[in-house]
Amino acid sequence: MHPFIMLLIEFMFIMLFIVILIDVRAKKNISLAYNTILVFLFIMIIKLFMWLWAMKNNMNLCDFTTMLYCKK
């Protein structure tokens, strides 16, 4: 599987959480939801850059996950 697929999925989740964040801000449910969504967005952006790096280095999904989890 190509990292572009994972990149596309990650980008869709980021857009979804941005829409939820805008809705939370507009309806004044800011206390817990705002901070939680910001943390999720931060994690998703880190993952997005990881997949971009894998695409830049011409790695497939198996190579990238092996590099992340199995190398010593």
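Predicted model: local features only at pLDDT ≥ 70, side-chain atom pairs only at ≥ 80, totals over all residues.

Colleague: Why does K47 count as partly exposed?

Modeller: Its relative accessibility is 37%.

Colleague: What makes E10 and K47 a salt bridge?

Modeller: The rule asks for a side-chain nitrogen of Lys or Arg within 4 Å of a carboxyl oxygen of Asp or Glu. For E10 and K47, the N to O distance is 3.4 Å, so the pair passes. E10 sits in helix α1 (residues 3-26) and K47 in helix α2, so the bridge ties together parts 37 residues apart in sequence. Helices here are DSSP runs (H or I, at least four residues), numbered from the N terminus.

Colleague: And how do you know whether E10 is buried or exposed?

Modeller: E10 has a relative accessible area of 6%. The limit for buried is under 20%, so E10 is buried.

Colleague: How do you know that C62 is in no disulfide?

Modeller: A disulfide needs two cysteine sulfur atoms within 2.5 Å. The nearest cysteine sulfur to that of C62 belongs to C70, 11 Å away, and that's too far for a bond. The structure holds 0 disulfides. C62 is also exposed, at 52%, and C70 is exposed too, at 54%.

Colleague: What makes a group of residues the largest nonpolar core?

Modeller: A nonpolar core is a set of buried Ala, Val, Leu, Ile, Met, Phe, Trp, Tyr and Cys residues joined through side-chain atoms within 4.5 Å. The largest one here has 14 residues, and W51 and F64 are among those with the most contacts inside it. Two or more residues come from each of α1, α2 and α3, with the largest share, 6 residues, from α2.

Colleague: Which residues does W51 touch, leaving aside neighbours within four places in sequence?

Modeller: W51 is in contact (heavy atoms within 4.5 Å) with P3, M6, L7, L61 and F64.

Methods
Residues numbered from 1 in each chain as written. Heavy atoms only, no water. Buried < 20%, exposed > 50% of the residue type's maximum accessible area, 1.4 Å probe, protein only.
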